[in-house]
Structure formats: structure tokens, C-alpha cells
Amino acid sequence: MTSSSLTERPETHETTLLEKGRDTILIEGLLLPTEIGVLDSEKGRRQAVRFDVEIVTVPDYRRIVRETGQYVSYADTVEFIQDKAATGGHVELVEEWAEAVAEFTLGNPLADEVSVKVTKPDIFEDASGVGIRITRRRG
């Protein structure tokens, strides 16, 4: 390789990376059995629900993490969803689920905005899922 190759690492000088906007923390395809639904046939049983969450951090997030050690933990949000699915009882609408996840996530002061997608994958044979996506931001 030549010294101009893009795959070679610089030998002696460091590169400074600049943040462009805000970071997005992802939780994709978290699939859990939950008690959900408004129909009588959905009550008293569990069905699969898929959760996708995008957490947009505050500006200068990486600097704040470096300086304070504080961060947005995807594990906290996953645990919240898992605990609610296991012990939260029956929820009628995917909208209720999405709002609960958004409210929990925005409890972290470093989370500025969150998009939550909650889908039921087993409702229609011809669809990979039906549900809702909401976006909420700190007020």
C-alpha cells in the first residue's frame, strides 16, 4: 500500500473528531411477550410485541460523558421495558406502551428526544407488524 491509502492508520499525528449535532442511541427489535390488546380475544393471554427505540442525546453529549461520566444507558430502557412486560399487567393500546417508554427515557437529562416504535408482529399474516411510532422531546 502507498502512504496515501485510506485504509492505513496515521503514524504519528492524531485526528480530532468533531461532533456534528447529537448522537442517537438505538434499541432495535426487542421482542417480548406482553399482555396487550382491546379485544376480548386478546385479554388474559400474552402476545409478542416488538420495541424499537431511538434516543437522541443533548448537544455536546460526548463532551459531557467524558467530563462527568454520566451517559444515556440503553440497558436502563431495555430493563424498563422488560420489567413492565413481565409485571405491568394488561395494557390495552400500543400507544400506552410507547408513551410509557418515552416518559421513562426522557427522565434521563442527557436524553433530549426519543422515538418509540411499538408493533405487534403477529396480527396480520401479510404484514411484518402493526403499531405506532411516536416522537417526544423534552419540554
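The questions and answers below concern a predicted model of a protein chain and the reasons behind the terms applied to it.

Q: What makes up the secondary structure of the protein chain, and how do its elements run from the N terminus on?
A: The secondary structure of the protein chain comes to three helices and four strands, and from the N terminus on these elements run β-β-α-α-α-β-β.

Q: Why are the buried residues of α1 said to line one face of the helix?
A: The buried residues of helix α1, which spans residues 61-68, are Y61, I64 and V65. Seen down the axis of α1, these buried residues fall within an arc of 100°, and they therefore line one face of the helix. On the other side of α1, R66 and E67 are exposed, a term that requires a relative accessible area over 50%.

Q: What covers the buried residues of α1, and what follows the helix?
A: The cover of the buried residues of α1 includes β1 (24-34) and β2 (47-57). After α1 comes G69, whose phi is positive, near 80°.

Q: Why is the meeting of D112 and R22 called a salt bridge?
A: The side chains of D112 and R22 meet at 2.4 Å, N to O, and since the cut-off for a nitrogen and a carboxyl oxygen is 4 Å, the pair counts as a salt bridge. D112 lies in strand β3 (residues 111-120) and R22 in the segment before β1, so the pair ties together parts that are 90 residues apart in sequence.

Q: What makes E42 and K120 a salt bridge, and which parts of the chain does the pair link?
A: The side chains of E42 and K120 meet at 2.7 Å, N to O, which is within the 4 Å limit, and the pair therefore qualifies as a salt bridge. The pair links distant parts of the chain, with E42 in the loop between β1 and β2 and K120 in strand β3, 78 residues apart.

Q: Why is the aromatic pair of F80 and F104 called stacked?
A: A pair of aromatic rings is described by the distance of the centres and the angle of the planes. For F80 and F104 the values are 4.4 Å centre to centre and 10° between the planes; the centres are within 6.5 Å and the planes under 30 degrees apart, and the pair is therefore stacked. F80 lies in helix α2 (residues 74-87) and F104 in helix α3, so the pair ties together parts that are 24 residues apart in sequence. F80, at 22% relative accessibility, counts as partly exposed, and F104, with a relative accessible area of 34%, is partly exposed too.

Q: How do you know whether T77 is buried or exposed, and what does T77 touch?
A: T77 is found in helix α2 and has a relative accessible area of 3%, which is under 20%, so T77 is buried. Not counting residues up to four places away in sequence, T77 touches I27, I55, V101, F104 and T105.

Notes. Residues numbered from 1 in each chain as written. Predicted model: local features only at pLDDT ≥ 70, side-chain atom pairs only at ≥ 80, totals over all residues. Heavy atoms only, no water. Buried < 20%, exposed > 50% of the residue type's maximum accessible area, 1.4 Å probe, protein only. Helix = DSSP H or I, 4+ residues; strand = E, 2+ residues; numbered from the N terminus. Arc of directions from axis to C-beta. Contact = heavy atoms within 4.5 Å. Phe/Tyr/Trp six-rings, centres within 6.5 Å; stacked < 30°, edge-to-face > 60°.
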